[in-house]
Amino acid sequence: MIKQYLLFFILVFFICFGYAQVPEKFYNFINNELPPTPFGKSSWGIFYLNRPATIDSSTIQKIKDKKFDHIPEAIKIEFLDQLNNLDSASRNFIWKQSYVTHFILVNSIKEHLSSKNILPQLPAAMRSKAAQWISVWNRVKLNERLFNYGSIPFFSKDHQYIMFLRGQSASGEGWDTIYFYQKKNGKWSIADYLIITSI
């Protein structure tokens, strides 16, 4: 009996502790620290894909080949190492609505959204606006649904830089860019970027 309790508490500790380590800083970044969409990029849209975008091998090669003016080479190499050695928790990470405060999460453009399920998970101040957007989402044609997406944020070891792919898509068109943010005076600002696709 004692063995069973012990195994149970070890399992709970592992799940809670393991889950809290990486995602906590992911959620803090997307909820509280993600800089505004840069000038010239649309900031429209409240919907966000719940599965983070993958930075694929061709994009990794573009990062390798690019000479950045404002990112130290050592930091670039550090990010490339992270991309090439992703752990399973980061590789399988999915955003959870109850922890996301500024977006409505969607599985795909085909999903019919339920206000009944989503609204209780959102901050009270966001619910009336969210209800209207969910109604619009459910009414429009699939190819007219606009959504935002992003990778997981990659943090440098000194926590002074973040690499983050972010993008937007609607009607078969969109953009995505890898941004390198640097912390200055306690806030993240764009230090450099790499355009992947553009409208």
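Predicted model: local features only at pLDDT ≥ 70, side-chain atom pairs only at ≥ 80, totals over all residues.
Residues are numbered from 1 along each chain as its sequence is written, and side-chain values use heavy atoms, without hydrogens and water. Local features need pLDDT of at least 70 and side-chain atom pairs count only at pLDDT 80 or more, while totals for chains, interfaces and linings use all residues.

**View 1. Helices α2 and α3.** Helices here are DSSP runs of H or I with at least four residues, numbered from the N terminus. The axes of α2 (residues 57-65) and α3 (residues 73-84) come within 10 Å and cross at roughly 165°. The two helices are therefore roughly antiparallel, a term for angles over 145 degrees on a scale from 0 to 180 degrees between N-to-C directions. From α2, Ile60, Ile63 and Lys64 make the contact, and from α3, Lys76, Leu80, Leu83 and Asn84; contact means heavy atoms within 4.5 Å. These residues divide into 4 nonpolar, 1 polar and 2 charged.

**View 2. Ile55 in the largest nonpolar core.** Such a core joins buried nonpolar residues (under 20% relative accessible area) through side-chain atoms within 4.5 Å. The core has 52 residues, and Ile55 is one of those that touch the most other members, as are Ile63 and Trp95. Beyond neighbours within four places in sequence, the contacts of Ile55 include Ile60, Ile63, Leu83, Phe154 and Met163.

**View 3. Arg139 in helix α6.** Helix α6 spans residues 127-139. Arg139 is exposed, with a relative accessible area of 61%; exposed means over 50% with a 1.4 Å probe, protein chains only. Between Arg139 and His112 there are 9.3 Å, C-alpha to C-alpha, and the two are 27 residues apart in sequence.

Definitions and conventions
Parallel < 35°, antiparallel > 145°, perpendicular 65-115°, else oblique. Nonpolar A, V, L, I, M, F, W, Y, C, P; charged D, E, K, R; others polar.
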